[in-house]
There are 2 protein chains.
Amino acid sequence: MRMAFDEALRSYHEGGVPVGAVMVENGKVIASGHNRRVQDGDPVSHGEMDCIRRAGRRNRYDDVTLYTTLSPCMMCSGAIVQFGIKRVVVGENRNFNGNIGFLEKNGVEVLLLDDTECATLMARFIGERPDLWDEDVAGND
Amino acid sequence: MRMAFDEALRSYHEGGVPVGAVMVENGKVIASGHNRRVQDGDPVSHGEMDCIRRAGRRNRYDDVTLYTTLSPCMMCSGAIVQFGIKRVVVGENRNFNGNIGFLEKNGVEVLLLDDTECATLMARFIGERPDLWDEDVAGND
């Protein structure tokens, strides 16, 4: 989660949405990523999506754990379920409720850390850029 | 749907997964795209995702209709719901059941065309490249 937070912080300093993600397989980091809506003008590059993309082509995700600083939106939750990612560690859901129930209902094991550092960064961003945050989730928060 | 099929056919001729999508707003084409798993080595670039990406940054999708040649997977369905796309026209769901029920449950109007041309191309691809098709949906079909 430290690495995922660092990705989020990097995005914040780039002027982007501060959500970061890391993919781990059998204790080894496969990929990391962060939200790139601003940086790449890409609305589908949420932190989790960017991380899954950077992990490249794979047949299966059975032994993968995805760490994300913020509770996953419906797009990212759908991707997790579609690709069969079995475990997700969530930094916090204070700033965005996300879809932990949907993930669990679809057989994904979710660990919610309620991490203060993740929550503080996200709250600061939402306070500073409510317009950008609203755009990133198209008002569906 | 003709344009979406042409995108799918283009992907097929590029050696990729033949799913295409087009975004229309108030009768005007905003963007089109196709699956780019093979072409860009990008697992999250399903046809619908590529199309949403190419439409660029937007605040809202209220007046958008998304055309897709194949019934949307859970990732693409999640993206449609998260971004608040209200209408989806689906070419066919013979080759992949997708998540039309999920979309409708979340307030998305879905029109299923059961288009023979879309279905024939997809069936041909799955017959020729079952390995690539399995990879694209990580076995969740």
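Predicted model: local features only at pLDDT ≥ 70, side-chain atom pairs only at ≥ 80, totals over all residues.
View 1. B:Phe83 has a relative accessible area of 1%, so it is buried. B:Tyr61 lies 22 residues away along the chain, and its C-alpha atom is separated from that of B:Phe83 by 6.6 Å.

**View 2. Interface of chain B and chain A.** The contact involves 36 residues of chain B and 36 residues of chain A. About 2900 Å² is buried between the two chains, with carbon and sulfur atoms giving 56% of that area. On the chain B side, the residues that lose the most area to chain A are B:Arg57, B:Gln82 and B:Phe83, together 25% of what that side buries. Six salt bridges are found across this interface. The side chains of A:Arg60 and B:Asp134 also form a salt bridge, at 2.9 Å from N to O.

**View 3. Rotation axis relating chain B to chain A.** Chain B is superposed on chain A by a rotation of 180° with 0.0 Å of shift along the axis, and the RMSD is 0.0 Å. This is the relation of a two-fold axis. The same surface serves both copies, since 100% of the contact residues of chain B recur in chain A. Of the residues of chain B, B:Gly78 comes closest to the axis, its C-alpha atom being at 2.5 Å.

View 4. Strand E4 (residues 87-92) of chain B pairs with E5(B) in the parallel sense over four bridges. B:Val90 is opposite B:Leu112 of E5(B).

**View 5. Helix H3 (residues 47-54) of chain B and its cover.** Seven of the eight residues of this helix are buried. They are B:Gly47, B:Glu48, B:Met49, B:Asp50, B:Cys51, B:Ile52 and B:Arg53. What covers them includes helix H3 (47-54) and helix H4 (74-83) of chain A, as well as strands E1 (20-25), E2 and E3 and helix H4 (74-83) of chain B. Just after H3(B), B:Gly56 takes a positive phi of about 80°.

**View 6. Salt bridge of B:Arg53 and B:Asp42.** The closest N and O atoms of this pair are 3.6 Å apart. B:Arg53 belongs to helix H3 of chain B and B:Asp42 to the loop between H2 and H3 of chain B, so the pair ties together parts that are 11 residues apart in sequence. Both residues are buried. Salt bridges that share partners join A:Arg36, A:Asp42, A:Asp50, A:Arg53, A:Arg54, B:Arg36, B:Asp42, B:Asp50, B:Arg53 and B:Arg54 into one network.

**View 7. Salt bridge of B:Glu135 and B:Arg37.** The side chains meet at 2.8 Å, N to O. B:Glu135 is in helix H7 of chain B and B:Arg37 in helix H2 (residues 37-40) of chain B, so the pair ties together parts 98 residues apart in sequence. B:Glu135 is buried at 9% relative accessibility, and B:Arg37 is buried at 0%.

**View 8. Salt bridge of B:Glu7 and B:Arg10 in helix H1 (residues 2-13) of chain B.** The N to O distance is 3.6 Å. The two residues are three apart in the helix and are therefore separated by about one helical turn. B:Glu7 counts as buried at 6% relative accessibility, whereas B:Arg10, at 45%, counts as partly exposed.

**View 9. Positive phi at A:Ala138 and B:Ala138.** Most residues other than glycine have a negative phi. Phi is near 50° for A:Ala138 and about 50° for B:Ala138. A:Ala138 is in the segment after helix H7 (130-136) of chain A, and B:Ala138 is in the segment after helix H7 (130-136) of chain B. A:Ala138 is buried, with a relative accessible area of 6%; for B:Ala138, also buried, the value is 6%.

Definitions and conventions. Residues numbered from 1 in each chain as written. Chains lettered and ligands numbered in written order. Heavy atoms only, no water. Least-squares fit on C-alpha atoms with pLDDT ≥ 70 in both. Contact = heavy atoms within 4.5 Å. Pairing = 2+ DSSP bridges. Buried < 20%, exposed > 50% of the residue type's maximum accessible area, 1.4 Å probe, protein only. Buried area = accessible area lost by both parts, 1.4 Å probe. Salt bridge = Lys/Arg side-chain N within 4 Å of Asp/Glu carboxyl O.
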